[in-house]
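Subject: Handover of a structural model

Dear colleague,

Please find the structure below, followed by a summary of what was found in it. I would be grateful if you could read the two together.

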Amino acid sequence: MTESSVHDQPMTQGEVAPDGTGGGREPQRRRSATLYLLLKGMNGRILVGSFMLFFVLVIAVFAPLIATQDPLAIDAVDRLLAPGADHWFGTDELGRDVFSRVIYGSRISVMVGMSVVVTTTVLGTVIGLAAGFYRKLDGVFMRIMDAFQSFPSILLAIAIMAALGASARNVIIALTITNLPKTARVVRGRVLGIREETYIESARAVGLGDIRIMRRYVLPNTLAPLIVQATFILALAIIAEAGLSFIGAGTPPPAPSWGNILAAGRGYMRQAQWITLFPGVFIMISVLSLNILGDGLRDVLDPRLKDRR
């Protein structure tokens with residue numbers, strides 16, 4: 001058979017082109033399957049979760065335009081005022097406008113959450129790919145991840161913050177370390193199943209390198225679980241940042257954060273409940289939107305789970 005006739009032969013599912021370009025159709029179909037499933041399987045959960053999350057993101061991005069007053073301005077005369085026309089969410093113990101502080105606090109929570117998701121996804125994907133693809137690295141990387149997971153996440157985050165000091169940057173570092181094992185294990189589990197597929201063996205047979213195989217065939221197949229995992233990590237990061245700020249180990253005052261606003265209002269629960277009510281409501285909306293969105297994405301990207309439920 002001549003060279004031209006070889007190229008004229010139709011390739012079967014999972015084959016790789018003889019020139020090493022990866023002409024198999026299976027990887028390409030799986031690469032586009034995630035976007036196709038998201039568009040075709042759009043359900044009520046995704047729409048509701050996306051709308052709620054969009055509401056929070058708009059508030060965070062346009063906080064300077066939405067806030068009615070300077071969130072740091074102190075007014076001793078207007079201390080602990082109830083919600084009204086001048087102060088929609090009331091004032092705190094220093095006379096600061098709670099509405100403006102809650103609006104600006106969303107920027108800290110969203111910024112920390114998004115940063116944790118990005119760093120965790122990038123580092124977790126690299127570790128998961130290496131551990132799942134190379135057996136020699138699997139034991140080393142997974143034992144390190146086990147060491148991180150042997151401590152409760154919030155206690156490990158508090159210990160890291162105690163060593164690094166209270167700041168938004170250090171909160172991102174601490175939460176990245178505590179959530180990294182979750183993403184790494186999700187990617188590793190996915191890669192362990194993919195590396196035994198026929199088209200991976202075909203790619204090796206034609207001389208493709210490991211990096212190229214991972215980039216073209218393995219990584220696109222991890223997108224679906226990564227998207228779902230990212231929504232839950234974002235929700236956990238928002239809660240954890242609020243918790244760390246609440247105990248004084250997160251974003252330090254006077255910069256407004258939902259956590260330190262809650263901490264400031266805990267001593268005034270009887271006479272000024274609004275100080276803790278409104279940041280708590282915003283935390284609830286943010287986390288609830290992400291959980292609803294994550295459940296909807298999981299149903300679309302893994303229909304088997306939906307069928308079992």
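The term pLDDT denotes the predictor's confidence in each residue, on a scale from 0 to 100. It applies here because this is a predicted model.

Confidence. The mean pLDDT of the chain is 81, and 83% of the residues score at least 70. Among the elements of the chain, the highest mean value, 92, belongs to helix 5 (residues 98–133), whereas the lowest, 40, belongs to helix 1 (residues 3–8). Residues 1–24 keep a pLDDT under 50 throughout, and the model has 37 contacts beyond four places in sequence for them.

Helix packing. Helix 9 (residues 198–205) packs with helix 10 (residues 210–218) at an angle of about 145°, and their axes are 11 Å apart. Their crossing is right-handed. Helix 9 contributes Tyr199, Ile200, Ala203 and Arg204 to the contact, and helix 10 contributes Asp210, Ile213, Tyr217 and Val218. By class, this contact comprises six nonpolar and two charged residues, with no polar ones.

Second largest pocket. The volume of this pocket is about 150 Å³. It is lined by 16 residues, of which Ser245, Pro253, Asn260, Ala263 and Ala264 are the closest to its centre. Seven of the lining residues are nonpolar, five are polar and four are charged. Helix 11 (223–246) and helix 12 (258–265) each supply at least two residues of the lining; helix 12 gives the most, with three.

Yours sincerely

Notes:
Residues numbered from 1 in each chain as written. Predicted model: local features only at pLDDT ≥ 70, side-chain atom pairs only at ≥ 80, totals over all residues. Heavy atoms only, no water. Axes fitted to C-alpha atoms, helices over the stretch in contact; angles between N-to-C directions. Helix = DSSP H or I, 4+ residues; strand = E, 2+ residues; numbered from the N terminus. Left-handed = near helix turned anticlockwise from the far one by under 90°. Contact = heavy atoms within 4.5 Å. Nonpolar A, V, L, I, M, F, W, Y, C, P; charged D, E, K, R; others polar. 1 Å grid on protein atoms, 1.4 Å probe; cavity = no way out; pocket = protein on both sides within 12 Å on 5 of 7 lines; lining within 4 Å. Points joined across faces, edges and corners; volume = space filled by probe spheres on them.
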